[in-house]
Amino acid sequence: GFLYYVVTSCEFNSSKLNDIEFTESYYYNKLEIVRFSSSVGKYVGYTEFGIRNAESWNNGPEVITRGGEKERYCFPNVGIDVESALTKS
């Protein structure tokens with residue numbers, strides 16, 4: 001069979017909200033095919049199939065909904081992650 005999965009992450013090195021980057025990567029058989037990054041602001045394809053999807057998604061409502069994910073998904077969790085890391089160090 002084939003393996004398809006999506007990985008969503010928030011990457012940050014400080015508690016400054018401007019330094020946070022939201023990424024959503026789409027994988028097929030362990031190969032990344034498409035990625036959305038909040039710092040780029042659009043989908044980027046890495047394979048022929050991924051490039052076609054990225055072009056389609058960048059022209060549709062998907063890119064608009066992903067743009068707000070940094071605020072919705074990352075910002076509320078930054079304080080929790082920083083607090084947890086500081087208490088363990």
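Let me begin with strand β3, residues 31-37, which pairs with strand β4, residues 42-45, in the antiparallel sense over four bridges; two strands pair if DSSP finds at least two bridges between them, and helices (H or I, at least four residues) and strands (E, at least two) are DSSP runs, numbered from the N terminus. This is a predicted model, in which local features need pLDDT of at least 70 and side-chain atom pairs count only at pLDDT 80 or more, while totals for chains, interfaces and linings use all residues. Residues are numbered from 1 along each chain as its sequence is written, and side-chain values use heavy atoms, with hydrogens and water left out.

Within this pairing, V34 has G45 in β4 as its bridge partner. The two strands form a hairpin with four residues between them, and G41 in the turn has a positive phi of about 85°.

Now to the salt bridges, of which the structure holds three; the term stands for a side-chain nitrogen of Lys or Arg within 4 Å of a carboxyl oxygen of Asp or Glu. In one of them, the side chains of E32 and R35 meet at 2.8 Å, N to O. E32 is buried, with a relative accessible area of 15%, whereas R35 is partly exposed at 30%, where buried means under 20% relative accessible area, exposed over 50%, and partly exposed in between (1.4 Å probe, protein chains only).

In another, R72 and E69 meet at 2.7 Å, N to O, and these residues are three apart in helix α3, residues 69-88, so about one helical turn separates them. Here R72 is exposed at 53%, while E69 is buried at 11%.
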